[in-house]
Amino acid sequence: MTRHTATVAGIVVDTRHWIGGARVASATTFTDESPIDGAVLGEIARGGQAEADAAVAAAQAAFPAWAATPPAERARLLRVIADGVDKRREDLALVETTDNGALLRSHRRGVMPRVAHNFRFFADRLDGLGHEDFDTRGHTNHVSWDPAGPCVLITPWNAPLMLATWKVAPALAAGNTVVLKPAEWSPLTASLLADIAAEAGLPAGVLNVVQGYGAEAGAALVAHPGVRRISFTGSVPTAKRIARAAAAGLVPTSFELGGKSPLLVFADADLDVAVDLAVEQYDNAGQVCLAATRLLVESSISEEFTRRFVARAAALRQGDPRDEATDIGPNIHARQVEKIDGFVRRAVAAGARTLLGGGPNTDLGGLYYRPTLLTDVAQDSEIVQEEVFGPVLTLQTFDTEDEAVRLANDTRFGLAATLATGDRDRAERVAARLVAGTVWVNCFFVRDLRAPFGGSRESGVGREGGTWSFDFYCDLKNTVTAP
Ligand code: NAD
């Protein structure tokens, strides 16, 4: 008999779907393992077409009443969910760390507070919507942000609950109902979120969670004719598949995808700041879409920069992510580690020189890839052009600002870029020329939910954040009334 729970550090997580306000099992399950030590955490319900149909039907049934719920009441419920997240912060942090291997200290102090903030932010933001009236020859134009309908939200494993709630909160605030499908490698906190939402009093069917593989549950959801919005965070190949499915029903999509972002270090930069910024790119074992994985350093300082960087990075402590002293935890899965190592081996075979790391840390078992720095890499090589999604950085040098910009922009991505420079005019000039959804100057990962977030080129389609989220999750309507 299959057990329907996973127990993590004494915290019990239901491993079934959450559909129409009830727990629903599937005929089959898949096994969820912890990347920390390979421990089996539980058997997770493996959804497919039937569960996708049931969840979308529940979201459709719940939609009219939720859409008609006054915005102030929707906002109130979102704030109660935020309080519930705060109350269970420690549980959520422990479960997330065990499930995806990211640092417990950052889940406790950064990620879970941000999860609660996602709900409060979009609850507050709702107040400012829908009051844009103007006059045309005596006629009044009234612009309203109408709920669009059931939304399918599909999310990756590298920051599971943060990325899920970044979509769930504005979708619900806007008056939509939601079917969330979390990544199969980190399914647990989405289930806890369903509990928290139910305890908060969110009506049945407003938030549904379907577990399962992308090619099964995910594919069935994005092809469902009852869906009115699809928001996806994940890889480029999956986005292209989803775009094809969405095209059949002309369903609007929002895509937040991969990157190969640069960190440009100019000779006039504060070198301590530049080295700190570069070392920060190993955070979450390099599994950060925004990570500046291409270090572009002005030739005149590259030796000094490299010396200091390697000394700092070599001192990073790799180990159990539950230990407060750990800087770098494991990568998510053996398949991901193989993929990372494949990139590094092919780069070395093509002539790259390894300045740091270059393989898994075998003392810790196979899933902990050592922070790696490669140089002597060609601009058109795979390691410079493709997203590795592991703790692997490349180092290239440049001699002029023009060359730096050319190298920075020369990939098919455009998610983010970071500059280290002591010259404000240069920062403005260079930022204006970079193709990126976000540019950071002498800082990294400073995120304000009021800002537009997304990527250019193959790093994404559309922007979420602030009012942009509501623009996506709503059907905008203009009502013109004669005098
Ligand atoms: P992935 O594309 O393999 O999977 C993401 C999600 O899509 C999972 O839930 C998966 O089950 C689902 N999925 C897979 N195939 C599907 C299909 N055919 N139909 C519907 N759903 C399907 O990506 P991943 O490996 O989980 O995540 C890593 C990627 O996510 C990286 O490229 C990273 O850069 C990107 N990412 C982007 C951002 C951003 O905000 N731009 C943030 C985090 C991660």
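In what order do the 7 strands of the open sheet run? In this predicted model, the order is β16-β17-β18-β15-β14-β19-β20. Pairing within the sheet is mixed. Two strands form the edges, β16 (353–356) and β20 (438–441), and each of them pairs on one side only. From one strand to the next, the twist averages 25°. Helix α10 (residues 299–314) packs on this sheet. The helix touches β14, β15 (292–298), β16, β17 (372–375) and β18 (392–398). Its direction makes about 140° with that of β15.

Within the sheet, strand β14 (residues 261–265) and strand β19 (residues 416–420) run parallel. They are joined by 3 bridges. V265 has A420 as its bridge partner in β19.

An antiparallel pair is formed by strand β5 (residues 29–33) and strand β6 (residues 40–45), with 5 bridges between them. E33 is partnered by V40 of β6. The hairpin of β5 and β6 has 6 residues between the strands. There, G38 takes a positive phi near 75°.

The protein chain divides into domain 1 (5–258 + 459–478) and domain 2 (262–441). Their centres, taken over C-alpha atoms, are separated by 31 Å. Domain 1 contributes 15 residues to the contact, and domain 2 contributes 20 residues. On the domain 1 side, α3 (89–100) and α4 (104–127) each supply at least two residues. The residues on that side comprise 7 nonpolar, 7 polar and 1 charged.

Conventions
Residues are numbered from 1 along each chain as its sequence is written. This is a predicted model: local features need pLDDT of at least 70, side-chain atom pairs count only at pLDDT 80 or more; totals for chains, interfaces and linings use all residues. Two strands pair if DSSP finds at least two bridges between them. Helices (H or I, at least four residues) and strands (E, at least two) are DSSP runs, numbered from the N terminus. Axes are lines fitted to C-alpha atoms, for helices over the stretch in contact, and angles run from 0 to 180 degrees between N-to-C directions. Two residues are in contact if their C-beta atoms, placed from the backbone, lie within 7 Å. Domain bounds come from an automatic or database domain assignment. Ala, Val, Leu, Ile, Met, Phe, Trp, Tyr, Cys and Pro count as nonpolar, Asp, Glu, Lys and Arg as charged, and the others, Gly among them, as polar.
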